Amino acid sequence: MKVPKRFGKYKIINEIGAGSMGLVLMAEQDFLNRKVAIKILPKELEKSHPLLVKRFRNEAIVAAKIIHPYLVPIFDVGYEAGFHYIVMEYIVGKTLDDACRDYKWTYLEQIEIYIKIAKALTAIHSVEVVHRDLKATNIIYSNEGLVKILDFGIAKASNDSESLTKEGSIMGSPDFMSPEQARGEEVDQRSDIFSFGVIMFLLLTGVNPFHRTKMEIREIVQQRQKLNQPPSMKEIKSDIPSSLDRIVMKCLSGKREQRFQTAEELLEQLERCKRGIQRKILNPTLKLSGIYKPIQKNNSSWNLPIFFNVIFIGLMLSIKMVLVIYAKPPDLAQTIKQLEFQERFQDALFQIREHHQNTPPPQIWKQKTDQLEEKLFIGATSDYIKQLLRIGKKEEAMEFFQLLVKLFPENTDILLLSAYFKNSESKD
């Protein structure tokens, strides 16, 4: 296919690869002199496959709805010389499966990656969009250590009445699709959670959770349609943390009502799992007590410092148990205030939801939840802006800064970010 040397203000440099629909090119934008990725749809498809053109346009519309540091942003769309094209951020990095294999991440490092993906999924689902094609090759791990989800070609808004598929047809990647998606049924955010579970299983164990031998696509789809119970990861790698295994197994339940019902619920469990693994790794109480000091095999007598430390720890635990039993339950407002002061906004949100898990929260706590979610979003985007400035991407950092100012005009704290732009200019 012969591709023009330019698409509007974008000069084509070379071809990066082929996406699910069309080619992906690297280009340079005039005036800004920044590299971008351009996805193009072959012009011959416009007449022969008009539905593909609709899906292609749909990708730009859906992706433009969602602004998040862990999603690839759309910069521009256009039509040139018979080609429909989408301009997006150019990311130097590897697909998530390649990165996991090459970097050999620990379980804790992998969980941190999964938390970022869950945050991006939460953002996608918050605008009532289902990705429908979540897989390891649709997630990029950049050289700066950022995670980016891309390819919304078959994504669909839950309130969108226009169907871009024939009734009963199957769209998506067979290896990662949920049972209901394989049956051609209507899907919701729980289908993305299932696909995410497949990704985690694959990266943690190195094998596909449902077929460990080579299968034809038709066989995969037929097998997936009848799926009821997933296997356990610990059958393959016994050292996988049990808490992480339970999370993945719940994602992979054949019945959608038995999975995590929201990405937010999944995110909370991943963060709790991370804290649990960190505690086991650090184990500060045992290290400080000296119990980790090796005991000489030939010395049958007790090491007195260790003995007294054990007695001391036992006494402190007993006192703590008495205080827990007889003390008044902590005041939620005071707890949230303290967590906010420490800028532990995610923990504060968890405390509110845990406190009101069986009853609907009063209006005052709904407002506090909105405030905490706003702070989380601003914090994540601010960190991303600083990261962009550190690697010299000032124009993109400015775009995100302007977006924050537009979304939260009354939040004066955002203006403090301008100091980072000044510092970046002084370094130049």
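**Overall architecture, a helix pair and selected residues**

Of the 428 residues in the chain, 45% are buried, as computed from a model that is predicted. The chain comprises 16 helices together with eleven strands.

Packed helices are considered next. Two packed helices are described by the angle between their axes and by the distance between those axes. Helix α4, spanning residues 107-126, packs with helix α6, spanning residues 189-205, at an angle of about 165 degrees, and the two axes are 12 Å apart. Because angles over 145 degrees count as roughly antiparallel, α4 is described as roughly antiparallel to α6. The crossing of α4 and α6 is right-handed. On the α4 side, the contact is formed by Tyr107, Gln110, Tyr114, Ile117, Ala118, Leu121 and His125, which meet Gln189, Asp192, Phe196, Met200, Leu203 and Leu204 of α6. When classified by residue type, this contact of α4 with α6 consists of nine nonpolar residues, three polar residues and one charged residue.

Within helix α14, which covers residues 363-390, the position of Thr381 was examined. Thr381 has a relative accessibility of 2% and therefore counts as buried, the cut-off for this class being under 20%. When neighbours within four places in sequence are left aside, Thr381 is in contact with Pro69, Phe400 and Leu404.

Backbone geometry was also examined at two loop positions. Asn33, although not a glycine, has a positive phi of about 55 degrees, and this residue is placed in the loop between β3 (23-29) and β4 (34-41). With a relative accessibility of 57%, Asn33 counts as exposed, since the exposed class begins over 50%. Lys104, likewise a residue other than glycine, has a positive phi, with a value near 50 degrees. Lys104 is located in the loop between α3 (96-103) and α4, the latter being the helix that packs with α6. The relative accessible area of Lys104 is 66%, so that Lys104 is exposed.

Methods: Residues are numbered from 1 along each chain as its sequence is written. This is a predicted model: local features need pLDDT of at least 70, side-chain atom pairs count only at pLDDT 80 or more; totals for chains, interfaces and linings use all residues. Side-chain values use heavy atoms; hydrogens and water are left out. Axes are lines fitted to C-alpha atoms, for helices over the stretch in contact, and angles run from 0 to 180 degrees between N-to-C directions. Helices (H or I, at least four residues) and strands (E, at least two) are DSSP runs, numbered from the N terminus. Angles under 35 degrees count as roughly parallel, over 145 as roughly antiparallel, 65 to 115 as roughly perpendicular and the rest as oblique. A crossing is left-handed if the near helix is turned anticlockwise from the far one by less than a right angle, and right-handed if clockwise. Contact means heavy atoms within 4.5 Å. Ala, Val, Leu, Ile, Met, Phe, Trp, Tyr, Cys and Pro count as nonpolar, Asp, Glu, Lys and Arg as charged, and the others, Gly among them, as polar. Buried means under 20% relative accessible area, exposed over 50%, partly exposed in between (1.4 Å probe, protein chains only).
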